[in-house]
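Welcome! Please open the structure and work through the exercises below, trying each one before reading its solution.

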Amino acid sequence: MNRQEFRKMLLIISFFMFPLTIFYFSPYIIVEAASKGIASGSMLVFALLFLSSLVVGRLWCGWLCPSGGCQSILIQVNGKDAKGGRHDLIKYLIWTVWIFTIVFLAASAGGLHTINFFYHTENVISIDNPMKFIVYYVVITILAVLSLAFGKRAGCHYICWMAPFMVIGRKIRNMLKYPSLRLRANKDDCINCRKCSRACPMSLDVNAMVSNGKMENSECILCGECVDTCPKDVISYSFSSGVE
Ligand code: SF4
Ligand code: SF4
Ligand code: SF4
């Protein structure tokens, strides 16, 4: 089993465990809990994702996210590139409204006074009765519709409420320039075959990133597809400081 097969296996396992874990990523439970002054499990998970991004960027997205796993499977059905650029800004708009709602409700409740990791997951697993499967299927349907209509990992590009936490973490590490996980490229060896761009699950123009000597991209999920696809070993993972 090579690295990419292993990565995809992890994503698929994570996706199949989604009924157990889905509420720990819930954008709704965090809001409801905040309105009662409670820090829920999802709040702690989002905080952990932010902290992890300070060191490993969006590795979570490329290797472990259940929703990413679902969308990876859907790439087999619609492998077209999703439009990036200003379309990617939609998720930041959603995120900003959501964050302000959480802060407002928490402040109205007199601040967060309780931590309850298992808020709404008292039985630890998320889907513990058949009715809750409705939530699960709604989420899967939204991801499927976006992927089928707009292309590869469209949900990651346009609606994900978790991605901005990790993008912010990455910006901070880039500003502070301490060693962290990133991509490096030796552009002199590139033969412009564009295999990296075609392989990128986030529809990035990796070839252009290499040519421009700028491998930092807020949508890069460090999946390593470009690293493992390049016939000239131009791109590599690097645990180093500095921004190209
Ligand atoms: S962008 Fe969001 S949905 Fe996509 S892999 Fe990352 S955390 Fe998961
Ligand atoms: S640029 Fe490379 S590591 Fe980043 S998302 Fe695309 S294929 Fe994955
Ligand atoms: S796959 Fe490698 S050689 Fe081909 S365009 Fe990308 S970086 Fe250049």
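Helix 7 and helix 10 are roughly perpendicular to each other, where roughly perpendicular covers angles of 65 to 115 degrees. Before you start, note that this is a predicted model, in which local features need pLDDT of at least 70 and side-chain atom pairs count only at pLDDT 80 or more, while totals for chains, interfaces and linings use all residues. Residues are numbered from 1 along each chain as its sequence is written, chains are lettered from A and ligands numbered from 1 in the order in which they are written, and side-chain values use heavy atoms, with hydrogens and water left out.

**Exercise 1. Describe how helix 7 and helix 10 meet.**

Step 1: Find helix 7 at residues 89-108 and helix 10 at residues 163-176; helices are DSSP runs (H or I, at least four residues), numbered from the N terminus.
Step 2: Their axes come within 9 Å and cross at roughly 100°. Axes are lines fitted to C-alpha atoms over the stretch in contact, and angles run from 0 to 180 degrees between N-to-C directions.
Step 3: On helix 7, Lys91, Tyr92, Trp95, Trp98 and Ile99 meet Ala163, Pro164, Phe165, Val167 and Ile168 of helix 10; contact means heavy atoms within 4.5 Å.
Step 4: The residues of this contact divide into 9 nonpolar, no polar and 1 charged. Ala, Val, Leu, Ile, Met, Phe, Trp, Tyr, Cys and Pro count as nonpolar, Asp, Glu, Lys and Arg as charged, and the others, Gly among them, as polar.

**Exercise 2. Work out how helix 3 lies against helix 7.**

Step 1: Helix 3 spans residues 27-34, and its axis comes within 8 Å of that of helix 7, crossing at roughly 25°.
Step 2: That makes helix 3 roughly parallel to helix 7, a term for angles under 35 degrees.
Step 3: Pro27, Ile30, Val31 and Ala34 of helix 3 touch Trp98, Thr101, Ile102, Leu105 and Ala106 of helix 7.
Step 4: Sorting the residues of this contact gives 8 nonpolar, 1 polar and no charged.

**Exercise 3. Explore the shell around ligand 1.**

Step 1: Of the 13 residues around ligand 1, Cys61, Cys65, Ser67, Cys156 and Cys160 come nearest; a residue counts if one of its heavy atoms lies within 4 Å.
Step 2: Helix 5 (59-63), helix 6 (66-75) and helix 10 each give two or more residues to the shell.
Step 3: Helix 6 provides the largest share, 3 residues.
Step 4: By class, the shell has 8 nonpolar, 3 polar and 2 charged residues.

Note on methods: Angles under 35 degrees count as roughly parallel, over 145 as roughly antiparallel, 65 to 115 as roughly perpendicular and the rest as oblique.
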